[in-house]
Structures are given as structure tokens and as C-alpha cells.
Amino acid sequence: MVVSANDSEHLNQPLRMEDSPDPPFEKTYKNLFDHLTETPELSAVKECELPLIDLNELNLGELSRRACMKKIARASQEWGFFQVINHGISREVLETMREEQVKLFEKPFSEKMDYKDCNFSAGSYRWGTPSATCLKQLSWSEAFHVSLSDVLSSRGINTALSSIMEQFATMVSELSQKLVEILAWELGEKSDFFKEKCVGSTCYLRLNRYPPCPIFPQMFGIMPHTDSDFITVLHQDHIGGLQLVKDGNWFAVKPNHQALVINIGDLFQAWSNNVYKSVEHRVVANPLKQRFSTAYFFCPSYDTVIASGMEPCVYRSFSFGEYRKKVQEDVKIFGHKIGLSRFLVQTH
């Protein structure tokens, strides 16, 4: 049995766990729900439209190309987020990717826990927040976090999902390379650093589903965080829920069905010596509607050293592997990521 996305009756008539697509949030985290006074305070936030950039301008002559590149760099400095249209990924690919993703998440929870059809590595399916010690650390969401190595190794598996994931990942990887090269150029860097270090096998796809949440608005779909990569490319549906910090305030991002959302990650902030901003963002839960999104994380190999060529350097040099290890340690100890502040150059 599959519950309709537009039918809220399942909130009052729960299915058996073996039949329901929803993870057992309330049962698993019962001790946290017994203390509802600790829920995060999600006050009303204003809606904003991210800077919208038409990448077709890159093909309209040198003046238009330079102007478009400046827009990308400016948005990355001022917002840490922007949207792109005419990005080279067809509507057909995006819609097929979403359709297959929905089919995957409609499977019973018990089946998703042991999903094997696409050669996904163990631990690819994730839900909730195992390290949560209070509700403000709990994410009301589920996801398949898939390495590009797994996507490529699924080529011999003739399923619609594996096929469209490979198409989508290939196209989004090319878009990511284009964008980081533009951002590097705007910093005066013309090296092959990203082509050499961010190969397909080091990047990740994350297929997200945010089930309806009966205790909205007291719950995060994903708790506030920054991304631990160079850039993230996000394809989201029309439901909304993505919010980000701008000038110290939270804003709700107005969905644009034609655009992909791009955001700067921690590694690019460090590599650019704080010129480009990795901005805190979150997803808020919805009481009635499920939300889907697909994120592509543009990452280097673990041994890649992140170091800025600018002086004075804000951060000490560190490897991506070292960064991930420290993030994992902090999440385990404190329940949340601390991130770049761990790597600041110590001044005396």
C-alpha cells in the first residue's frame, strides 16, 4: 500500500511498519518526543528569490559571457546561493529522475532498509538523526546517499533508476565543473585543480524525501548546516521548505521549477579564503505534503589538500579526509557540525 502525497488521513491512520513507506520516527525517537517543550522555535520567515542566472549568456559573446561570470561570482560572495536556468540538463532528464526517485521512496520502509537493486553500498539509506539527543537535532527526512562510484558500477544493472541516475549525474557533474572553473577564474586562478581532484568517483548524489510531519512546525526536515564540499547542485520540487541565512536572518527560498539551485560549500569558502560564502541552510517540515529533492555534492578525493593561494590565509591547510573526520567526530560528541572554524589559522 502506498499513501498518496495529497492524502493527509494517514496521519491519523498509520499503516503497519512493514507496509508503510515512512520511517518510524515517533517510535524510534519516542524519548525525544516526550519532551516537546524542547522543540526548535521556527518563527515565520520572509520569502526570498535567489539570484537567477541564465547560463545561456555564456554563449552570447565575450561581453555577455564576462557579465554572466561576474553575476555568478557576486552571488557566491553575497548570498552563497544562486539559481541557474538554461543549465544544459533537459526537462525530460529532470522529470524522469524525479519519477524514479518517487518510485524508490514509495517502497515499504523495510524494503528500503535492505535495498539492493542498484548496487548501492551498505549504509546508503539513511533516515532521521541517529546521534540526536534532542528534537532540535532530529531531521524528519530519509535519503539515499550514493557515491558516483556506486552509480557507475550499476551500469550493468538494467533498471530505470540506475539508468537515469547515471544520465543525471553525468550532466550535473559537467555543470559543476563549468561553475567552479568560472568561480576560480574570477579569483584569478586558471589551474586544472578541480578537473584533477573532483573526478566522478569522489562525488555524491543524495536522493531526499521529507515525509509529512504531524508535529509541524516544530520540526526540521534537515537541521541547520553547511555543506562539506566545493559546490552543491540541487533539483527540488515545488513544495518549498528550503531556508537560508542572509545578513543574519533566515529566509525561505521561493521554489523555481525551471531552475537548479547552486550553493557554495565549506571547501570552496576555505579555498577562496572566505571570498565565496558557505551559508547555513535548513529544510523545514511540512504538515501535509511530502517533499523531494536531489542534491549533487561536488567533492574531491579524501587526500586532496585544501589551501588558499591568497595571503593572509584565513584557514590552515587541511585534507578533505581530515575535514570529514573532524566533522564526524564533532557530530558524535556535540550532535552538530562545527566545521571551518576548527581550521582557522591561529593568531597570537
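What follows is a chat about the predicted model shown above.

Visitor: How many helices and strands are in the protein chain?
Guide: The protein chain has 10 helices and 15 strands. Keep in mind that this is a predicted model.

Visitor: What share of the residues is buried?
Guide: Buried residues make up 51% of the 348 in the protein chain.

Visitor: Let's talk strands. In what order do the 8 strands of the open sheet come?
Guide: The order is β2-β3-β11-β8-β13-β6-β5-β4. The pairing is mixed.

Visitor: Which strands stand at the edges?
Guide: β2 (52-54) and β4 (125-127) do. Each has a single partner strand, so one side of each has no neighbour in the sheet.

Visitor: How far are neighbouring strands turned against each other?
Guide: By 25° on average, with direction ignored.

Visitor: Back to β4. In what sense does it pair with β5?
Guide: β4 and β5 (residues 142-147) pair in the antiparallel sense, over 3 bridges. Look for Tyr125, which stands opposite Phe144 in β5.

Visitor: What holds paired strands together in general?
Guide: Strands of a sheet pair through backbone hydrogen bonds.

Visitor: Which strands does helix α4 lie across?
Guide: Helix α4 (residues 91-105) lies across β5, β6, β8, β11 and β13. It runs at about 115° to β13.

Visitor: And α7? Which strands does that one lie across?
Guide: α7 lies across β3, β5, β6, β8, β11 and β13. Its angle to β13 is about 55°.

Visitor: New topic. How many residues are in the largest nonpolar core?
Guide: That core has 94 residues. Phe194, Phe230 and Phe268 have the most contacts inside it. Helix α7 (residues 160-186) gives the largest share, 12 residues.

Visitor: Why would nonpolar side chains gather like that?
Guide: In soluble globular proteins, they tend to be buried together.

Visitor: What is Phe230 in contact with?
Guide: Leaving aside neighbours within four places in sequence, its contacts include Phe194, Phe268, Trp271 and Phe298. Cys198 and Pro300 are also among them.

Visitor: One more residue. Is Cys68 buried or exposed?
Guide: Cys68 is at 0% relative accessibility, so it counts as buried. The cut-off for buried is under 20%.

Visitor: Where does Cys68 lie, and what does it touch?
Guide: Cys68 lies in helix α3 (residues 62-78). Not counting residues up to four places away in sequence, Cys68 touches Ile53, Asp54, Leu55, Glu57 and Leu58.

Visitor: What separates the C-alpha atoms of Cys68 and Asn56?
Guide: A distance of 8.9 Å. Along the chain, Cys68 and Asn56 are 12 residues apart.

Key: Residues are numbered from 1 along each chain as its sequence is written. This is a predicted model: local features need pLDDT of at least 70, side-chain atom pairs count only at pLDDT 80 or more; totals for chains, interfaces and linings use all residues. Side-chain values use heavy atoms; hydrogens and water are left out. A nonpolar core is a set of buried Ala, Val, Leu, Ile, Met, Phe, Trp, Tyr and Cys residues joined through side-chain atoms within 4.5 Å. Buried means under 20% relative accessible area, exposed over 50%, partly exposed in between (1.4 Å probe, protein chains only). Helices (H or I, at least four residues) and strands (E, at least two) are DSSP runs, numbered from the N terminus. Contact means heavy atoms within 4.5 Å. Two strands pair if DSSP finds at least two bridges between them. Axes are lines fitted to C-alpha atoms, for helices over the stretch in contact, and angles run from 0 to 180 degrees between N-to-C directions.
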